[in-house]
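Please look at the sequence and the structure first.

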Amino acid sequence: MSIEEIKIDRNTLITYQHLQKYFHPNYQKIKPKQIFIKVNSIRSLIADNLVKGIHWWSNFWEKLVIEDSKGYLFNQLFFNREGFTIMAEKSEEDKQYLIFVKVFQQAMKGNFAKIYAKTEEGKESPIKKKVERLRAEINYCYDELSFQEYLPDFLVRGGLNKYFNEHQEEILLLIKKLPLQKLKIWSLLATASYKPKDNPANGDDSSFPNNQKLGEMNDESEEE
């Protein structure tokens with residue numbers, strides 16, 4: 001941990017204020033004879049980007065894929081999904097990506113609906129495995145061509161997509177002009193922040209790996 005003096009502009013200041021306001025804070029968890037400090041690593045990652053003078057999500061690909069072998073940061077994205085949405089909504093530069101996220105998540109909804117339909121009554125649907133597989137599929141797209149082939153196939157498998165129909169020209173232009181890494185970053189953000197419908201088996205979202213209360217977040221230090 002460190003404290004640094006940095007030069008800031010208006011955009012950096014506003015982004016930091018949004019980060020403080022809309023992302024879950026670090027907090028303290030007290031157990032008998034033990035005190036754990038729960039750190040929201042996503043907030044720290046964004047703050048580091050602001051210190052470096054780069055856009056708040058610029059190096060998410062390296063951090064969430066290359067360096068995140070255990071999927072720890074990826075799982076934390078779910079708790080920060082509202083912060084990501086608000087941050088993007090309030091940024092003129094990022095608003096365009098929200099449409100892409102909605103299109104992607106609508107396709108996820110269509111694919112997951114098929115899983116729910118095949119799940120026997122009283123059993124948990126395998127949403128966790130599906131999310132992990134989807135993340136792996138995105139990671140395996142190593143160049144523009146492979147991702148451009150994967151994305152349309154994924155959208156088709158999701159069935160009728162109202163967001164794509166409403167913003168078809170805008171989405172196609174976005175996919176065409178954005179570099180591969182940016183598209184993959186926002187695909188990962190869409191995947192990690194997707195909130196599935198209630199589990200038919202038990203009436204809640206407990207089948208989804210990240211759907212815990214903030215106080216129930218697993219910390220790697222406690223698992224060891």
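The buried residues of helix H11 are Leu180, Leu183, Lys184, Ile185, Trp186, Ser187, Leu188, Leu189, Ala190, Thr191, Ala192 and Ser193; buried means under 20% relative accessible area, exposed over 50% and partly exposed in between, with a 1.4 Å probe and protein chains only. The model is predicted: local features need pLDDT of at least 70, side-chain atom pairs count only at pLDDT 80 or more, and totals for chains, interfaces and linings use all residues. Residues are numbered from 1 along each chain as its sequence is written, and side-chain values use heavy atoms, with hydrogens and water left out.

**Helix H11**
- Because 12 of its 14 residues are buried, H11 is largely enclosed by the rest of the structure.
- H11 covers residues 180-193 and reaches 20 Å from first to last C-alpha, close to the 20 Å expected at 1.5 Å a residue (1.5 Å times one less than the number of residues).
- Helices are DSSP runs of H or I with at least four residues, numbered from the N terminus.

**Arg81**
- Arg81 belongs to helix H5 (residues 81-89).
- Arg81 is buried yet has no salt bridge, and the nearest side chain of opposite charge, Glu82, is 4.9 Å away; a salt bridge needs a side-chain nitrogen of Lys or Arg within 4 Å of a carboxyl oxygen of Asp or Glu.
- A polar atom of the Arg81 side chain lies 2.8 Å from the backbone oxygen of Phe78.
- Beyond neighbours within four places in sequence, Arg81 is in contact with Ser193 and Lys195 (heavy atoms within 4.5 Å).

**Ile171**
- Ile171, in helix H10 (residues 168-177), is buried with a relative accessible area of 1%.
- Not counting residues up to four places away in sequence, Ile171 touches Ile99, Phe100, Val103 and Phe164.
- Val103 is 68 residues from Ile171 along the chain, and their C-alpha atoms are separated by 8.5 Å.

Notes. Helix = DSSP H or I, 4+ residues; strand = E, 2+ residues; numbered from the N terminus. Lys, Arg positive; Asp, Glu negative; His and termini not counted. Polar contact = N/O pair within 3.5 Å; in protein donor to acceptor, adjacent residues only side chain to side chain.
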